[in-house]
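Welcome! Please have a look at the picture before reading on.

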Amino acid sequence: ALRDIVRHGIASLSPTDGPTQQHILIIVKRQKRRIVNLKILMGHLQTCYPGLSISTSTMDESAADQIHTLNRATVVISPSGSVAYTALFAAPHTVMIQLDRYVPSQNRTYGA
């Protein structure tokens, strides 16, 4: 599959490489469609899933580093838009949650 070719060619990952533990990755945008209630979202996730690893990433890194960041996640939460397409290169069986409550007048996406 194209995903495996890209994961191997750019990040030297095999099709079977993937997370070693449960991990939620929240992709953060700084401008358009940013998650304005990110702290509330993270607090909610930490309350619901105590002890689970949760991190954020702006994906402002090389393509190989982006793929390695995605490879550690079992769940990826992302605002809508082009940044969500990076999840195509996540490990097999990774769950993708794309936030879609976008309020154009405020230029914001709300996460919870």
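## Terms and model

A nonpolar core is a set of buried Ala, Val, Leu, Ile, Met, Phe, Trp, Tyr and Cys residues joined through side-chain atoms within 4.5 Å. Buried means under 20% relative accessible area, exposed means over 50%, and partly exposed lies in between, using a 1.4 Å probe and protein chains only. Helices (H or I, at least four residues) and strands (E, at least two) are DSSP runs, numbered from the N terminus.

This is a predicted model, in which local features need pLDDT of at least 70 and side-chain atom pairs count only at pLDDT 80 or more, while totals for chains, interfaces and linings use all residues. Residues are numbered from 1 along each chain as its sequence is written, and side-chain values use heavy atoms, with hydrogens and water left out.

## The open sheet

Let us begin with the strands. Four of them form an open sheet in the order E3-E1-E4-E5, with parallel pairing; two strands pair if DSSP finds at least two bridges between them. E3 and E5 are the edge strands, each with a single partner, so one side of each has no neighbour in the sheet. Ignoring direction, neighbouring strands here are turned by 20° against each other on average (axes are lines fitted to C-alpha atoms, for helices over the stretch in contact, and angles run from 0 to 180 degrees between N-to-C directions).

E1 and E3 (residues 53–57) are parallel partners over 5 bridges, and Ile24 has Ile54 as its bridge partner in E3. Towards E4, E1 is joined in parallel by 3 bridges, with Ile26 opposite Ile77. E4 and E5 also run parallel, joined by 5 bridges; here Ser78 is partnered by Gln98 in E5.

## Strand E1

How many of the residues of strand E1 are buried? In E1 (residues 23–27), 5 of the 5 residues are buried, so the strand is largely enclosed by the rest of the structure. His23, Leu25 and Ile27 point one way, while Ile24 and Ile26 point the other way.

## Helix H2 and the cores

Helix H2 has Leu38, Leu41, Met42 and Leu45 among its buried residues. They cover an arc of only 95° around the axis, which puts them on the same side of H2; the arc is that of the directions from the helix axis to the C-beta atoms. The buried residues of H2 pack against E1, strand E2 (34–35), E3 and E4. On the face turned away from this buried side, H2 carries the exposed residues Lys39, Ile40 and Thr47.

The largest nonpolar core has 12 residues, including Ile24, Ile26, Leu38, Leu41, Ile54, Ile77 and Leu99. E1, H2 (38–48) and E4 each supply at least two residues of this core, and the largest share, 4 residues, comes from H2. Another core, of 8 residues, lies apart from it, with Leu25, Met59, Val76 and Ala90 among them. In soluble globular proteins, nonpolar side chains tend to be buried together.

## Two loop residues

Is Thr74 buried or exposed? Thr74 counts as buried because its relative accessibility is 16%. Thr74 sits in the loop between helix H3 (63–71) and strand E4 (75–79). Leaving aside neighbours within four places in sequence, Thr74 is in contact (heavy atoms within 4.5 Å) with residues including Pro19, His23 and His93.

Asp100, in the loop between strand E5 (95–99) and strand E6 (102–103), counts as exposed because its relative accessibility is 66%. Asp100 and Thr74 are 26 residues apart along the chain, and their C-alpha atoms are separated by 20 Å.
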